Amino acid sequence: MISFLFVLTAAVFLTGIINRTRALLSGRKGVRLFQHLYNVRLLLSKGAVYSPVTGALFRAVPAVCLAASVTAALLVPMGPYPALLHFEGDMVAFAYLLALSRAALILGALDTGSSFEGMGASREALYGALIEPGLFFFFGTLALMTGHTSFTSVFGALGAGTPEMVVVTVLLAYILVKVVLVEGGRIPVDDPRTHLELTMVHEVMELDYGGVDLGLLTVGSWIKTASLATVAAGTIASVFGQGGASALTVCALVAAVGVIVGTVESFRARNRLNRNATYIVTVSALALFAFLLVYVLSLNLNIE
Amino acid sequence: MLIVLAVLSLAVFAVPPRYKYWFTLLVVAAGAAVSTALALSAWGASAGEIVFESGYSPLFLFDRPVMDGLSAVFVIVASVVAVSVTVYAKDYLAAYRESKSPAQMSLHYAALSLLYFSMVFVLTYRGGFAFLFSWELMTLSSFLLVLFEGEKREVRRAAINYLVLMHVGFVFLLTGFVLGSGGGDAAGFDALRNYFATHDPVPLFLLFFAGFGMKAGLFPLHVWLPEAHPAAPAHVSALMSGVMLKMGVYGVMRVLTYVEAGELYTIGLIVLFAGVVTALWGIVFAALQNDLKRLLACSSMENVGLIFTGLGAGMVGRATGNDVLALLGTGGALLHAVNHAFFKSVLFLNAGSVYLKTHTRNLDELGGLSKRMPVTSLLFLVGTLAICALPPFNGFVSEFLIYAGFFRSVAAGTDVLLAAVGIATLSLVGGLVVLVFTKAYGIGFLGMPRSRRAAEAKEAGNWMIGAQVLPLAGILLIGLVPAFVSSRLTGVVSSVYSLPEMPAGTDGLAHSLAMISVLAAVLIGMAGGIYVWKRRLLRGRTVAEFPTWGCGFTAPDARMQYTAESYAEGLQRLSSPLTGRSAGETGVSKDEPFAGTVPNSTGRWRDRVDSLVSGRWVFLVRKLNARLGRFQTGRVNHYVLHAVVFLAAVFLLTLLGIL
């Protein structure tokens with residue numbers, strides 16, 4: 001239970017932290033830490049505008065997206081604290097729940113009959129397909145390191161091991177931060193603040209949602225990002241020792257993920273769109289590399 | 001009993017035209033009821049299999065049909081899908097009543113029920129002759145079914161292509177059985193046990209693998225598949241893709257039961273890599289298709305690939321004593337075969353309804369169907385989500401099992417690299433399936449109608465919709481209560497492949513499956529709850545209508561929508577080394593001021609293997625024929641000369657002791 005509440009809290013704070021980081025780094029004072037909450041409250045108090053092209057599916061998509069994100073969040077443990085639901089193989093379910101929310105959003109976008117949204121949907125589908133192996137090799141590496149296939153038991157068993165394993169853990173966390181950037185639609189893959197429909201990926205698919213629907217989608221994407229960030233934080237928290245990964249450490253690390261995302265957004269330009277595929281495949285390749293690295297280490301070869 | 005029914009299905013020729021359909025439905029339903037009952041009893045039988053004395057007939061050279069767990073699973077699936085497609089055929093074929101003569105209809109009906117019965121025979125006969133007889137009957141009846149619209153040139157081409165390749169496959173099987181009998185007269189599956197015990201199993205297995213793989217659509221033997229499925233009527237495609245491909249899978253699974261575990265390592269690797277390549281090839285080509293049924297056919301290839309990936313991994317697991325991987329890989333493969341039969345038949349049937357109502361299968365001429373054909377669209381959506389392996393539907397459960405096998409063996413540190421290959425394939429394919437099927441559903445059913453035919457579409461008939469109740473029930477049952485079915489299937493696998501029922505390390509499996517049910521319930525409950533809550537929030541507030549945002553452009557038009565081609569463009573760029581474009585428009589030239597005056601690109605993505613396998617050979621054979629044609633002068637004296645030369649040659653060869 002504590003883990004689920006933590007993910008929800010992280011979802012609330014993370015966007016604020018990212019915004020504040022960007023503001024400070026660009027020399028602004030920045031908006032209130034919880035400005036985005038007020039924005040969503042405003043959205044939820046509005047009505048809705050639907051395009052006559054859209055059908056029932058379009059209206060159901062926000063609910064499905066949010067429900068899939070929240071269900072995925074149920075599986076995420078906060079460091080060593082167990083998740084609300086956990087079972088052997090829950091990593092796979094986690095990945096597929098995120099895929100469900102992505103697929104729902106894509107279908108909703110295609111229902112509007114807009115060429116911009118089709119463009120965004122096409123990109124999102126491709127990027128989603130290319131990042132999937134990265135996510136699964138991340139899981140595979142964790143399974144190889146700990147001998148477990150559930151987040152909760154993995155993070156329970158993941159402890160400070162040899163220096164090699166610390167390096168691998170840091171590498172894994174790095175990979176997952178990249179996954180957060182890709183799945184969350186952040187720079188350098190996608191720019192959440194762009195105003196040009198032609199270059200949007202994630203944002204363009206939400207263009208025709210307004211009011212309550214947009215609010216639900218926004219909350220859903222916060223929870224998705226927070227779940228991934230919590231997994232990243234849990235991974236790297238293990239460096240501080242099995243017992244040392246206290247709640248406070250994990251909190252600080254999730255905040256650190258927010259700061260990193262904000263920093264990247266302040267100093268990097270987004271990729272050219274046709275470079276994105278390469279960028280994402282590189283992340284997946286890196287995950288494969290981490291997997292093989294751990295495998296070679298586990299073989300205990302004596303390389304002279 | 002079943003043989004009687006099978007023979008009876010030929011009697012449809014004698015039935016008056018009005019009752020032909022009902023007669024066929026009756027025969028198929030009776031057959032399905034009988035064989036399902038037998039399958040269920042075999043499942044419950046203590047010996048694990050039952051032998052039927054009644055099938056002991058001169059027709060099949062006194063071979064007794066045997067039903068064990070493996071046959072039973074496939075028989076039940078075949079029966080469910082067969083009944084469902086036969087019910088569906090009523091409205092679908094009604095559209096052809098004018099253009100087809102009663103004899104043609106009878107032929108179609110007879111072939112339909114024969115296809116079903118031959119599949120049941122394939123699944124139950126183990127003797128070489130009876131098996132091959134049923135196998136050939138299956139090929140011929142499906143050939144006749146594909147040929148239904150034989151007046152179209154491409155249908156004839158696809159059907160002949162199919163027939164030829166199936167017979168190449170048949171030769172492989174025949175050779176396999178003859179070699180496997182070791183010269184004895186009892187050719188058949190049971191003779192293989194002896195052969196495999198005394199010989200190196202790999203070469204003979206490869207023969208069977210090629211023969212069965214031809215039917216299953218394994219790379220590079222798949223070239224018939226994307227041609228034959230779109231050419232056949234919808235209910236036939238559903239039966240062929242949903243069930244008949246699985247006969248190939250069944251054949252491989254059956255042959256593998258006779259190989260001793262120790263010999264399986266190489267074989268498992270071969271199966272695994274064939275599966276991996278098939279899955280990736282299939283899904284990349286599915287993404288490039290703009291023809292709805294062709295897309296579904298390519299995706300069948302991908303699913304067969306996944307089944308073989310699981311099966312191959314399971315066999316390697318058996319060889320290395322990794323029981324967890326063996327049970328979960330093989331069990332997942334079997335469950336995926338069942339799942340694919342259910343969701344692919346739903347998808348094909350609805351694609352058929354769309355074709356019937358719009359007369360096009362081109363995604364770029366569809367669109368907007370979710371409003372015009374709401375129930376058909378909803379059913380297609382369920383199939384879409386199931387094939388994308390998204391919870392809470394059945395595809396997720398079988399992929400979960402296969403993943404669980406891979407992840408557990410990674411966690412246990414055994415067969416790690418192999419599992420890594422499996423995980424990479426499954427995850428990449430899993431991601432691409434979402435792309436392919438959001439394309440199929442999003443472009444084909446959502447948005448604005450892209451042509452007048454789509455705009456005027458009407459909802460499909462009640463029979464066409466009602467027919468899908470059975471497979472739909474299967475999708476929901478397996479998706480929501482996975483423990484119910486998958487524990488039975490893993491039971492079948494462990495008895496057929498003599499694996500421990502519950503190898504150490506699978507103790508959490510039942511718990512995992514139960515938790516998947518919980519997860520599905522939470523997901524559905526939450527989505528429903530949020531939706532209802534949203535509706536209540538919106539009550540009393542303004543819910544306005546406003547055109548889709550067009551970047552300030554105020555006259556949006558169906559032609560401005562994203563097309564099927566452009567949707568897959570990103571993937572097409574990445575996969576361009578594998579694909580080549582056939583002749584057709586390649587785009588708008590720079591000198592053309594108005595893009596609208598140039599017709600949309602009409603080229604089609606070619607399968608390089610297809611052009612390699614069929615294109616080159618056909619070319620060579622034609623060349624050879626042209627050379628040989630010179631001898632065919634039409635003059636009697638030349639022919640007499642040929643005969644004399646032939647005789648002289650035979651005489652000389654005998655004399656020299658060569659012949």
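This is a predicted model: local features need pLDDT of at least 70, side-chain atom pairs count only at pLDDT 80 or more; totals for chains, interfaces and linings use all residues.
Residues are numbered from 1 along each chain as its sequence is written, chains are lettered from A and ligands numbered from 1 in the order in which they are written, and side-chain values use heavy atoms, with hydrogens and water left out.

Turning to the interface, 70 residues of chain B are in contact (heavy atoms within 4.5 Å) with 74 residues of chain A. Together the two chains bury about 6,100 Å², 76% of it on carbon and sulfur atoms; buried area here is the accessible area (1.4 Å probe) that two parts lose on being put together, summed over both. Between chain B and chain A there are 21 residue pairs in polar contact, both residues being at pLDDT 80 or more. A polar contact is a pair of N or O atoms within 3.5 Å; within protein, one must be able to donate a hydrogen and the other to accept it, and residues adjacent in sequence count only if both atoms are side-chain atoms. The elements giving two or more residues to the side of chain B that touches chain A are α14 (369-372), α16 (394-412), α17 (416-445), α22 (507-538), β3 (543-545), α23 (564-567) and α24 (569-574) of chain B. Helices (H or I, at least four residues) and strands (E, at least two) are DSSP runs, numbered from the N terminus. The largest share of this side, 17 residues, comes from α17(B). By residue class, this side of chain B divides into 49 nonpolar, 15 polar and six charged residues; Ala, Val, Leu, Ile, Met, Phe, Trp, Tyr, Cys and Pro count as nonpolar, Asp, Glu, Lys and Arg as charged, and the others, Gly among them, as polar.

Strand β1 (residues 48-50) of chain A runs parallel to β3(B) over three bridges, with A48(A) opposite V543(B).

One salt bridge (a side-chain nitrogen of Lys or Arg within 4 Å of a carboxyl oxygen of Asp or Glu) is counted between chain B and chain A. It joins D213(A) to K534(B), with the closest N and O atoms 2.6 Å apart. Over all chains, the structure holds 18 salt bridges.

Some backbone details complete the picture. Most residues other than glycine have a negative phi, and most peptide bonds are trans. The bond from I187(A) to P188(A) is cis, with omega near 10°, and so is the bond from P391(B) to P392(B), with omega near 5°. H359(B), in the loop between α13 (323-358) and α14 of chain B, has a positive phi near 60°.

Definitions and conventions: Two strands pair if DSSP finds at least two bridges between them.
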